[in-house]
Each structure stands twice: as C-alpha cells, then as structure tokens.
Amino acid sequence: MKNQNDYFLSQEEYQELKTFILNNFGFNIGSYLRVGDEVGKLLLKHQILRFNNYFALCLKPENNKMLSELVSSLSNHYTFFNRESYQLRFLLMEGFANLLKDKSHLDFLSIGCSTGEESYSLALAYQNYCFKNNQIASYEIQGIDIADFVLEQAIKGLYRSETLRYLPSEDIQKYFIKRDTLFEINSEIKSKCLFNNIDFHYFESNKKYDIILCRNVLLYYNVNTVQIFVNKLINLLNIGGYLMFGGAEMIPVDEKKLKYVTQAVFQKVEK
Ligand SMILES: C[S@@+](CC[C@H](N)C(=O)[O-])C[C@H]1O[C@@H](n2cnc3c(N)ncnc32)[C@H](O)[C@@H]1O
C-alpha cells in the first residue's frame, strides 16, 4: 500500500492544471505545495500513481464527477458562524425592517455556502429579528456550492464548538441540540435551509431574492468571471434587495444599479 508521498505532481503538470482551471473555471489555484497536497490525496483515493493518468480520466465526459471533485478540492471552503458579523448587525438594525415594509416572506440565497454556517447564521439573525418584533419568520434560504462533501455537512448541520465561537451563548442554547462534543442545528431552522450542488455559472432561478450573500467566493476568480457573476447577481435580486460580498473583496459594481450601503453591502436600486 502506497502512502501520499509516493504520488507525484510535477511542476509542468501543476502549470497545466493551473491554466486549465483558470481557463475553464476562472479561478486561481493555490501554490504548488498546497495543490500537490490536495492532488496527492485524490491520487491516493483513486489509487492512481501519476497525475497525468488521473487528469486524463477527469477530462472524459463520463467522469464529470471526478472533475468536480478535483475542482472542489482546489477551492477554499473555510467558513464559520457569524462571519462578517457587521453585515448581520446591519440587517438586524435596518435591513430586515426595510425588506419587510411591503412583504411578509423573504427569500435568501447563499452562493458558496460551504458547510452551511453562512446560511444558518442568516437564519438565526432573521429568527431573532422576527421574535423580537413579534413577526412570523416566513423565509427560505437556498445555499449552493460546488463541493459535495461540504454540502453533506451543511445538510447534517452538525458542528464543532470552534466554528460556533462568535455565536452568543443564547443562540447556541436556543437553536442547537448538544450531541456529545458536537452541536446540531435544530430541525425548525434546518427545514428553512436548502442546500444544493450548483455551480453559480449555471445557476438559474424563476424567483428573485431579497438578500444574496456571495462572500469570500469571488476573490479566487479572474476579472472577467467576476463581472459576469456580478451582472447575474443583480438580475437575481429584487429591487430594494441586498447583495453582500466578503469584507476583504474589492468588487467593482455598477453604481447605477447597486447603491453602496455599508461595508461590502449593496442595495439594488429602482430602474
Ligand atoms: C471560502 S468559502 C466561503 C464560504 C462562505 N461564503 C463564507 O464567506 O464564510 C468559498 C466557497 O465557495 C464555493 N464556490 C467556489 N466557486 C463556486 C461557484 N462557482 N459556485 C458555487 N460555489 C462556489 C467553494 O466550493 C467554497 O465552499
């Protein structure tokens, strides 16, 4: 039985993979060392010695699951509860109230939802807002991602305490059930959060959304892809709806369509 170090990705293969991912998926993969590590795990899993043999298999149309496994292993999936918490504070202080002026049901979309913390954090904030304001919390959150293994975890809704570190203890008590050393999100919240494997490149929807989170996803993509994504995001938003990026992302937006509200938060303006 071979171990991970017996498998090998050459510099040339790394360059080939880098160009392929950039041209076909529009994002930059990490350093040679990090990619070598990820590729090594996949070669070991599939018991294939050489990267070029593995890559040739990935490119066969009947093996598109293998290709998406490779692409998702090269993406970054890091997330935690209440990330970019100033954005949730904005929603609690004025965003939700604005959205609820003329409707009682809200639709949310989380793009690059990873293991689900982002969707569930929004759900908790909205539930808390509705509870405080004596309103019925009618909403649905659609989370999409390209990686099956993160989505499986999102659906389970079972978390280690470190990812809950920025949640107030009242929220943990109210919305989670303790399972040994882990914490499971309760079934009421789970029932409002849907998770699907969809690449945003191919995402289509008949409905429009009141809040779209696309945070810490676009920073890996090239300028052209970002522009395509932003136009698509605007079309998916209701007028008056909010679009949120990650705080560290500098995303160019059309100011005639999106009004800057606060850190990495934009509102779709009437046209
Ligand atoms: C760094 S995580 C960010 C998670 C979460 N949005 C946050 O800010 O904490 C980026 C996620 O975006 C996903 N992703 C990347 N490109 C995507 C695409 N085209 N469509 C859907 N998800 C994508 C990755 O698989 C990864 O799980």
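β3 and strand β5 (residues 182-185) form an antiparallel pair with 2 bridges between them; strands count as paired if DSSP finds at least two bridges between them. Helices (H or I, at least four residues) and strands (E, at least two) are DSSP runs, numbered from the N terminus. The model is predicted, so to speak of local features pLDDT of at least 70 is needed, side-chain atom pairs count only at pLDDT 80 or more, and totals for chains, interfaces and linings use all residues. Residues are numbered from 1 along each chain as its sequence is written.

**Exercise 1.** Work out in what order the 3 strands of the open sheet stand, and which of them are at the edges.

*Solution.* 

**Exercise 2.** Find which residue takes a positive phi in the hairpin of β4 and β5, and which one does in the hairpin of β9 and β10.

*Solution.* 
- Step 1: The hairpin of β4 and β5 has 2 residues between the strands, and D180 takes a positive phi near 55°.
- Step 2: Strand β9 (residues 258-262) pairs with strand β10 (residues 265-268) in the antiparallel sense, over 4 bridges. Y260 stands opposite F266 in β10.
- Step 3: The hairpin of β9 and β10 also has 2 residues between the strands, and in it A264 has a positive phi near 60°.

**Exercise 3.** Check the spans of helix α1 and helix α2 against 1.5 Å a residue.

*Solution.* 
- Step 1: The expected span is 1.5 Å times one less than the number of residues in the helix.
- Step 2: Helix α1 (residues 11-25) has 15 residues and reaches 20 Å from its first C-alpha to its last, close to the expected 21 Å. G26 follows α1 with a positive phi near 75°.
- Step 3: Helix α2 (residues 32-46) has 15 residues and should span 21 Å; its end C-alpha atoms are 21 Å apart, which agrees. Q47 follows α2, and its phi is positive, near 55°.

**Exercise 4.** Describe how domain 1 and domain 2 touch.

*Solution.* 
- Step 1: Domain 1 covers 4-73 and domain 2 covers 85-268, with bounds from an automatic or database domain assignment.
- Step 2: Their C-alpha centres lie 30 Å apart.
- Step 3: 7 residues of domain 1 are in contact with 6 residues of domain 2 (C-beta atoms, placed from the backbone, within 7 Å).
- Step 4: On the side of domain 1 that touches domain 2, helix α4 (residues 64-73) gives the most, with 3 residues. That side divides into 3 nonpolar, 4 polar and no charged residues. Ala, Val, Leu, Ile, Met, Phe, Trp, Tyr, Cys and Pro count as nonpolar, Asp, Glu, Lys and Arg as charged, and the others, Gly among them, as polar.

**Exercise 5.** Say which residues come nearest to the ligand, and how the shell divides.

*Solution.* 
- Step 1: There are 23 residues around the ligand (near means a C-beta atom, placed from the backbone, within 6 Å).
- Step 2: T79, G112, S114, F200 and N216 come nearest.
- Step 3: The shell holds 8 nonpolar, 10 polar and 5 charged residues.

Methods: Two residues are in contact if their C-beta atoms, placed from the backbone, lie within 7 Å.
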